[in-house]
Amino acid sequence: MPLRRPTAIALSLLAALCAATPAAAYIGPGAGFALMSSFLVLLATVVLAFLSILAWPIRTLWRVVRRKKPPKAHVKRLVFVGLDGQDPRLTERMMEEGKLPNFMRLRRQGSYRRIASTYPALSPVAWSTFATGANPGKHNIFDFLDRDLRSYLPKLSSAHIGRVERFLKLGRWKIPLQKPEIRMLRRSKPFWTVLGERNVWSTVLRVPITFPPDRFYGAQLAAMCVPDLVGSQGTFLLYTTRPATDAIREGGLRVPLSSNGSGPDHFDCVVEGPENSFLEGDPPPPLRAPVTIEVDRKEKTATVSVAGETVELRQGELSDWVRLEFRAAPGIKVHGLTRMMLTEAGQHTSLYLTAIHIDPEKPAMPISHPSYYASYLSKRLGDFATLGLAEDTTALNEGVTDDATFLRQSYDIDREREEMFFAALERLRKGSLTCVFDATDRIQHMFWRYMEDGHPAANGRKTGKQRRTIEEHYRHNDALVGRVMEKLGDDDLLIVLSDHGFASFRRGVNLNRWLLDHGYLVLREDADGSEEWLEGVDWSRTRAYALGLAGVFLNLEGREAAGIVKPGEEARALKRELITAWTGLRDEERRAVGINAAFDAEDLYTGPYKGNAPDLIVGYNDGYRVSWDCAVGVVAGPLFADNTKAWSGDHCVDPRLVPGVFFSSRPVDREDDLSLLDMAPTALALFGVDKPDYMEGESVFDLAGLAGGAAGAPA
């Protein structure tokens, strides 16, 4: 059954894009999830407030009785600064050139080492290992996507969001009688939960794979996989008078714009929000917010009126956050945030809107713990991005926005993150603070094409400014590190790290095409391979298929619905065949190796969830990655193809090529290689907490040489 738009559009991008793309929608939540959540929050707030007042003395006594005494800590505060995707090769070169003085100061004061990433080197996998100290076989996150074993269609790997099935019907209205189910699919406790069990406070800001938020002794703002208001992982809108032939292929919706009787420069339109699940329909009709656009073509400006607010736009300039309000039923509203930009005001009029973010002041679904933490941050710091993958890479890929707009978005989000981080650091007296900054990853994804000659996505001559974009952001990170160091005391410990490095993405590899050509994958007679999500595959004759960014699955009997490969020796033999064939697979057109190696999941993972892993992990060479077609389940096309998109750098490669960076303000006391597995055990050891059995790494510090202290709650 075909996926509905924008679900199909957004899912196609999440599959196609790596650690940072705002791209995929959920299968299952329905856009109406936000509305149901809003209604239930409204319904429950008064009741819960009353019950909370009655229960307060009992709850206080219970906490005192069950609270464990804080352990003896070796530090007062532990601060993790995550710089997603910061590459060791670039970092080391720039340090040697004297361009990163604060990183060098931190290195001299403490330590600098490369740190091993995960298999595969994808952000959801890597940061889950960072948090839990466990390999993917124990935390259950192997990619952005998993597959439905019955339908072979993709699904989000990190969260399950259900639908409301029970309603009270009153004419055309439906009143929900249950709460939508939402649960985290990551397994094994993160270190902040373990610390909380010992009365050590943690603040966790925008660490990937924290949606829905963890419940622990601390505060958390969720990150990667927080959806937008319509249930996708980021669907931008383009209102335009241009003809429909100018289609958007990925990640956004084109909305026709036409003037009315008020004149050629006056436009009335609507922004569609989540489904109005209070109304009958399959699907229910979407909520709508009316928008009026007045264009001054001479001045290249526009006035946009929405939700009682007037926004003045100048062509090419991105607005601040604009509040949207969707009315569903008497007393029921859903709130969102977007940013706008007038991209054309000449012969044609075009207005770009970012994906509609959940309003942190009035969140329509759980994005923080405690639930009021997002509202607190909004009241203190102002509006901010809440979408898990917030920088709009797809709009730049589609040519709807330009380099300057993307950089403005990225740096604005980075600034919002800094304000949250330093506000949390200021309030933290004792305990841990972890914050991940995404801009390094996003900017490298989109601007790597300017760093090397001959990149097929470079589109002609590169300016010096374009060539310096990534380097300038590393300098920006260096300044951030300097400001953090100024805020630390003698008993504090700072760790700055990345989850992986970076590589070039010049050529895509369609492994489903290879499987078709070599008889491992077979199409139905009525299919030509151009269908998305492997819809044309004849599963009764297919033995292997690729899905996601780094994984290949066997069509295993007893596991997949139409599996034909017998478990045991037949499956092991098939994996050996594919590993042998793909190791050193050459791109003859470029006279280069496209795939270094393929890895058997049996050799990579241990733990109760390793059966959910792809059967093989593909280690692409520098310059190569899964192709855009393969990532969305298209079989047709060449095995190797140039990548001409702005998305030109990546890390979905052989993990040995893309280690991360590790800096600390105290010397590391180990000679062996560091791994992301070591970070959670290190955090626990610093606060005197023994690591649980599932954690595999070891502390990187000699605790005898660290200062003593006590761990507890913030001020």
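Rings of Phe, Tyr and Trp (its six-membered ring) pair if their centres lie within 6.5 Å; planes under 30 degrees apart count as stacked, over 60 as edge-to-face and the rest as tilted. This is a predicted model, in which local features need pLDDT of at least 70, side-chain atom pairs count only at pLDDT 80 or more, and totals for chains, interfaces and linings use all residues. Residues are numbered from 1 along each chain as its sequence is written, and side-chain values use heavy atoms, with hydrogens and water left out.

**View 1. Trp 448 and Phe 502, a stacked pair.** By the ring rule, the protein has 26 aromatic pairs. Helices (H or I, at least four residues) and strands (E, at least two) are DSSP runs, numbered from the N terminus. Trp 448 and Phe 502 are both buried, meaning under 20% relative accessible area, with exposed over 50% and partly exposed in between (1.4 Å probe, protein chains only).

**View 2. Tyr 624 and Phe 640, an edge-to-face pair.** Here it's 5.9 Å from centre to centre, with 80 degrees between the planes. Tyr 624 belongs to strand 33 (residues 623–626) and Phe 640 to strand 34 (residues 640–642), 16 residues apart. Both Tyr 624 and Phe 640 are buried.

**View 3. His 500 and its polar contacts with Ser 123 and Asp 499.** You'll find His 500 in the loop between strand 26 (492–497) and strand 27 (503–509). His 500 counts as buried because its relative accessibility is 0%. Its side chain makes polar contacts with the side chains of Ser 123 (3.3 Å) and Asp 499 (3.1 Å). A polar contact is a pair of N or O atoms within 3.5 Å; within protein, one must be able to donate a hydrogen and the other to accept it, and residues adjacent in sequence count only if both atoms are side-chain atoms. The C-alpha atoms of His 500 and Trp 127 are separated by 9.7 Å, although these residues are 373 residues apart along the chain.

**View 4. The aromatic cluster that includes Trp 127.** Across the protein's 715 residues, 61% count as buried.
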